[in-house]
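User: Could you walk me through how the terms are applied in this model?
Analyst: Gladly, let's look at it together.

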Amino acid sequence: MISPPPEPDPTAPRQSLALLRAQRSWSYDQLAAHSGLSRLTLIEIEQDRTIGTLATWHAFAHAFAVPLGKLLDPLCTGHEPPGARG
């Protein structure tokens, strides 16, 4: 029997987002300008009211000039990510 995948940690990407924003000393308004997203969307995600869409996270990756995986890999916090065993 194949076991289901482990549950992702949905709070981890928002923590990565907050960390990247803090490292750049960007306000919500600055990140909104860089990402093309609304300030309200950023606040809702960082305050764990919503997870956002894949398009939202894609916009964040471009705003921070990082691979999308850098933002989404933390979903696997606490367990081995898929393909890690080789």
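**Burial, contacts and core**

User: Why is Phe 60 called buried?
Analyst: Phe 60 has a relative accessible area of 0%. Buried means under 20% relative accessible area, exposed over 50% and partly exposed in between, with a 1.4 Å probe and protein chains only, so Phe 60 counts as buried. A word on the source: this is a predicted model, where local features need pLDDT of at least 70, side-chain atom pairs count only at pLDDT 80 or more, and totals for chains, interfaces and linings use all residues. Residues are numbered from 1 along each chain as its sequence is written, and side-chain values use heavy atoms, with hydrogens and water left out.

User: Where does Phe 60 lie, and what does Phe 60 touch?
Analyst: Phe 60 is in helix H4; helices here are DSSP runs of H or I with at least four residues, numbered from the N terminus. Contact means heavy atoms within 4.5 Å. Not counting residues up to four places away in sequence, Phe 60 touches Leu 17, Leu 31, Ser 35, Leu 37, Leu 42, Ile 45 and Leu 71.

User: What makes a set of residues a nonpolar core?
Analyst: The set consists of buried Ala, Val, Leu, Ile, Met, Phe, Trp, Tyr and Cys residues joined through side-chain atoms within 4.5 Å. The largest one has 18 residues, and Phe 60 is among those with the most contacts inside it. H1, H2, H3 and H4 each give two or more residues, with the largest share, 6 residues, coming from H4.

User: How do you know whether Arg 21 is buried or exposed?
Analyst: Arg 21, in helix H1, has 14% relative accessibility, so Arg 21 counts as buried.
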